[in-house]
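Subject: Structure handover

Hello,

Please find the structure for you to look through below, with the sequence beside it.

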Amino acid sequence: MAMMMAGSIGISWISIIMLVILLVVYITNYKKYKSGFTIGLVLFAGLLLLQNILQVYFYTTSMQAYPPIVEQSTFMFEVIEVIAYGVILWVTLRH
């Protein structure tokens, strides 16, 4: 297992955990407020969660097919993504 792909998988798992937390908060807010905006947030977080679960699957099963340059860019994209999820999680949980 290449080091960068292992890092990408680890960061994807962190993203999955963050998205599950966001999804729980958004579902709770939907039950409380019944707002169309919150249902949009539920769908948005749910689709991103599905994307990250699929990423972990494909990274794990197809790792040998990734050339080193793709491993590096994939890792950088995963880092940026988890930072973005961290920002939205911080904003969501702040109040």
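Leu48 belongs to helix 2, and its C-alpha atom is separated by 14 Å from that of Val24, a residue 24 positions away along the chain. Please keep in mind throughout that this is a predicted model.

Stepping back to the whole chain, you will find 3 helices and 0 strands, which gives the pattern α-α-α when the chain is read along the sequence. The C-alpha trace spans about 45 × 25 × 15 Å along its principal axes, and buried residues account for 33% of the 95 residues.

How are the helices placed against each other? Two packed helices are described by the angle between their axes and the distance between the axes. For helix 1 (residues 3-33) and helix 2 (residues 36-61), the axes come within 9 Å and cross at roughly 160 degrees. Since angles over 145 degrees count as roughly antiparallel, helix 1 and helix 2 are therefore described as roughly antiparallel to each other. The crossing in which helix 1 passes helix 2 is left-handed, and the residues of this contact divide into 19 nonpolar and 9 polar, with no charged ones.

The next pair can be read in the manner of the previous one. The axes of helix 2 and helix 3 (residues 68-93) come within 14 Å and cross at roughly 155 degrees, so that helix 2 is roughly antiparallel to helix 3. Here too the crossing is described as left-handed, with helix 2 passing helix 3.

Between helix 1 and helix 2 there is a loop, and Lys34 is found in it. As background, most residues other than glycine have a negative phi. Lys34 also counts as exposed, because its relative accessible area is 56% and exposed means over 50%.

Finally, there are the aromatic rings, among which the count comes to 2 pairs. Tyr57 and Phe58 form an edge-to-face pair, with 5.1 Å from centre to centre and 70 degrees between the planes. Tyr57 is partly exposed, with a relative accessible area of 48%, and Phe58 is likewise counted as partly exposed, at 43%. In the pair of Tyr59 and Tyr66, the ring centres are 6.0 Å apart and the planes stand at 80 degrees, so this pair is edge-to-face as well. Is Tyr59 buried or exposed? At 8% relative accessibility, Tyr59 counts as buried, whereas Tyr66, at 22%, counts as partly exposed.

Best wishes

Technical notes: Residues are numbered from 1 along each chain as its sequence is written. This is a predicted model: local features need pLDDT of at least 70, side-chain atom pairs count only at pLDDT 80 or more; totals for chains, interfaces and linings use all residues. Side-chain values use heavy atoms; hydrogens and water are left out. Axes are lines fitted to C-alpha atoms, for helices over the stretch in contact, and angles run from 0 to 180 degrees between N-to-C directions. Helices (H or I, at least four residues) and strands (E, at least two) are DSSP runs, numbered from the N terminus. Angles under 35 degrees count as roughly parallel, over 145 as roughly antiparallel, 65 to 115 as roughly perpendicular and the rest as oblique. A crossing is left-handed if the near helix is turned anticlockwise from the far one by less than a right angle, and right-handed if clockwise. Ala, Val, Leu, Ile, Met, Phe, Trp, Tyr, Cys and Pro count as nonpolar, Asp, Glu, Lys and Arg as charged, and the others, Gly among them, as polar. Rings of Phe, Tyr and Trp (its six-membered ring) pair if their centres lie within 6.5 Å; planes under 30 degrees apart count as stacked, over 60 as edge-to-face and the rest as tilted. Buried means under 20% relative accessible area, exposed over 50%, partly exposed in between (1.4 Å probe, protein chains only).
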